[in-house]
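Please read this briefing alongside the sequence and the structure. The points are grouped by topic.

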Number of protein chains: 2
Amino acid sequence: MNIGFVGVGRMGANMARRLQDRGYHVTTLFDTNRATVTALAQEIGAAACPTLGDVTAGADVIFTVVSDDAAMRQIFSDTDNLLISAEGKLFINCATVSPDVHVEVEQLADAAGAQALEACMASSITQAREGSLYLMCGGGEEAFRRAEPLLKELSSSLGFVGKSGEAAKVKALVNMVMNINTAGLAEGLGLGAALGLDLTMLREVFGQTGAASRVLQTDGEDMQNRDHATFFSAAHAAKDSGIALTLAERAGLNLPLARATKQQYERMIAAGLGDLDKSGIAELTFPDRHQAKR
Amino acid sequence: MNIGFVGVGRMGANMARRLQDRGYHVTTLFDTNRATVTALAQEIGAAACPTLGDVTAGADVIFTVVSDDAAMRQIFSDTDNLLISAEGKLFINCATVSPDVHVEVEQLADAAGAQALEACMASSITQAREGSLYLMCGGGEEAFRRAEPLLKELSSSLGFVGKSGEAAKVKALVNMVMNINTAGLAEGLGLGAALGLDLTMLREVFGQTGAASRVLQTDGEDMQNRDHATFFSAAHAAKDSGIALTLAERAGLNLPLARATKQQYERMIAAGLGDLDKSGIAELTFPDRHQAKR
């Protein structure tokens with residue numbers, strides 16, 4: 001079985017490396033960034049394809065790890081696209097995009113005699129490299145069974161949520177709540193700093209009380225130390241909260257915390273901080289940092 | 001040593017029961033609710049005092065567990081107050097109030113030849129009964145040493161944070177972040193319900209990803225099942241977020257998540273839901289519940 005990858009940023013590249021390590025043949029790669037794709041192709045001995053059609057032609061299973069809804073639609077419906085002569089191929093779509101887009105892509109794949117599976121990842125670069133991703137899948141059960149052996153190599157937790165679009169809904173909610181908790185933590189530590197409290201002590205107290213959270217563990221120290229090396233960017237956080245808010249709007253729900261969180265991440269983008277890690281939101285809430293004042 | 005209690009709602013009453021169980025003599029009680037204080041006095045064999053002065057007269061150490069800043073100021077400075085003939089007495093103040101109020105009370109106690117210690121509790125009724133409170137103290141170190149044996153009977157974690165007011169700052173931050181996480185969780189589960197997702201599955205996914213938090217464990221299932229029996233009321237949540245926001249305003253910090261959270265809890269109060277547990281905030285975010293629509 002030959003494997004292709006579309007989108008070989010840090011996530012996609014690490015997934016390709018992991019599969020290669022586990023004895024799979026990663027054969028065809030595509031990325032709009034030519035330098036990135038050329039480097040990875042050399043590293044793992046795969047082809048950096050000039051077109052999307054070439055990726056499909058040279059692989060049986062194609063992972064897509066693109067940035068947003070527009071990119072997902074493009075790779076499956078532009079003049080050059082992945083569904084050219086795609087009969088029998090399996091597409092495993094890992095980007096965090098709107099649930100509707102997964103449904104659209106599945107229909108397009110069906111029409112081309114191919115299969116599409118959404119495999120939403122609730123983890124980051126390190127987990128991709130180590131094969132310990134948290135994966136939630138949606139789509140046809142047959143596509144899931146076919147993808148399962150590969151996905152097991154990539155994940156420590158693998159679940160089948162339901163039909164196409166369902167996993168993306170769960171993923172959007174995970175990231176919406178994670179982003180809220182992150183923005184809230186930044187406010188707590190920022191105010192702690194303004195009050196002159198020992199932030200190491202404060203984080204310890206948070207961790208033992210009702211203020212405890214996963215993001216306290218992953219982002220608390222980074223917020224204190226201004227270490228915003230990017231695992232999950234502020235721009236991605238804004239996008240993902242936006243996906244959830246669109247779903248909420250359609251459902252007629254008012255979610256003021258999610259809205260305030262998206263606005264904070266948009267403030268980061270506007271201030272040129274969108275490429276920082278999501279922990280960089282602390283730059284907005286700590287005194288004497290960027291834009292701390294009203 | 002005789003012990004007095006002012007404010008014998010569920011927290012105060014459970015602390016008194018716990019100390020009684022551990023062999024201490026709880027002798028004098030006061031509460032503005034006569035029925036409550038009479039019942040507890042009968043139960044534990046203490047006196048339900050008609051005045052605050054009587055509480056002090058009959059005890060060496062007096063715990064105060066009142067509702068807010070105004071109540072704290074009253075019991076230490078009204079015509080009838082705890083500092084009448086209070087020389088040598090120790091006051092242990094457990095209410096979540098503004099840091100400034102603890103400083104004021106300490107000064108008043110000093111002037112009366114008494115000692116005051118703030119002992120902020122980051123836990124609830126059950127922990128009070130079992131002696132497993134999370135306690136953070138602020139004030140003079142001598143007052144802390146004197147209170148320590150008693151406080152150890154009440155707590156599983158006991159810390160000395162610093163001078164008077166410091167523990168209240170930490171407590172305000174803990175509750176501010178806890179309230180944000182709670183409001184955010186209610187939005188995530190509410191939107192999940194609107195999207196027709198299995199909420200038990202969704203909570204499991206939250207628990208294994210970046211959406212995990214202490215409030216997910218304590219309040220998630222209750223939000224799903226509309227079980228809002230009160231451990232920590234929405235009205236208290238609004239008050240505590242308000243304390244933190246006042247500190248933030250003074251420091252010139254903009255905390256949009258904390259503000260949005262306080263507004264949600266105020267919406268609950270306005271809708272007559274202020275006595276529900278903080279988990280009741282889900283009533284605002286789930287479809288087809290109270291005020292779900294904009």
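The model is a predicted one.

- Leu202(A), Arg203(A), Val205(A) and Phe206(A) are the buried residues here, in helix 9 of chain A.
- They lie on the same side of helix 9 of chain A, because they cover an arc of only 160° around the axis.
- An α-helix has 3.6 residues a turn, so residues three or four places apart point the same way.

**Contact between the chains**

- Chain A brings 55 residues to the contact, and chain B brings 55 residues.
- Strand 7 (133–139), helix 8 (166–194), helix 9 (199–207), helix 10 (214–225), helix 11 (234–250) and helix 12 (256–270) of chain A each supply at least two residues of the side that touches chain B.
- Helix 8 of chain A gives the most to that side, with 18 residues.
- By class, the side of chain A that touches chain B holds 34 nonpolar, 16 polar and five charged residues.

**Leu185(B)**

- Helix 8 of chain B contains Leu185(B).
- Leu185(B) counts as buried because it has 29 C-beta neighbours inside 10 Å, and the cut-off for buried is 20 or more.
- Leaving aside neighbours within four places in sequence, Leu185(B) is in contact with Val177(A) from chain A, and with Ser213(B), Val215(B), Leu216(B), Asp219(B), Gly220(B) and Met223(B) from chain B.
- The C-alpha atoms of Leu185(B) and Thr38(B) are separated by 40 Å, and the two residues are 147 residues apart along the chain.

**Domains of chain A**

- Ten residues of domain 1 of chain A are in contact with eleven residues of domain 2 of chain A.
- On the domain 1 side of that contact, six residues are nonpolar, three are polar and one is charged.

**Nonpolar core**

- The largest nonpolar core has 220 residues.
- Leu29(A), Leu82(A), Ala244(A), Leu29(B), Leu82(B) and Ala244(B) touch the most other members of this core.
- Beyond its neighbours within four places in sequence, Leu29(A) has contacts that include Gly4(A), Phe5(A), Val8(A), Val37(A), Leu40(A) and Cys49(A).

**Positive phi**

- Most residues other than glycine have a negative phi.
- Arg226(A) has a positive phi, near 55°.
- Arg226(A) sits in the loop between helix 10 and helix 11 of chain A.
- Arg226(A) counts as partly exposed because it has 13 C-beta neighbours inside 10 Å.
- Ser85(B) is not a glycine either, yet its phi is positive at about 50°.
- Ser85(B) sits in the loop between helix 4 (69–77) and strand 5 (90–93) of chain B.
- With 12 C-beta neighbours inside 10 Å, Ser85(B) counts as exposed.

Note on methods. Residues numbered from 1 in each chain as written. Chains lettered and ligands numbered in written order. Predicted model: local features only at pLDDT ≥ 70, side-chain atom pairs only at ≥ 80, totals over all residues. Contact = placed C-beta atoms within 7 Å. Nonpolar A, V, L, I, M, F, W, Y, C, P; charged D, E, K, R; others polar. Helix = DSSP H or I, 4+ residues; strand = E, 2+ residues; numbered from the N terminus. Arc of directions from axis to C-beta. Core = buried A, V, L, I, M, F, W, Y, C linked by C-beta atoms within 7 Å.
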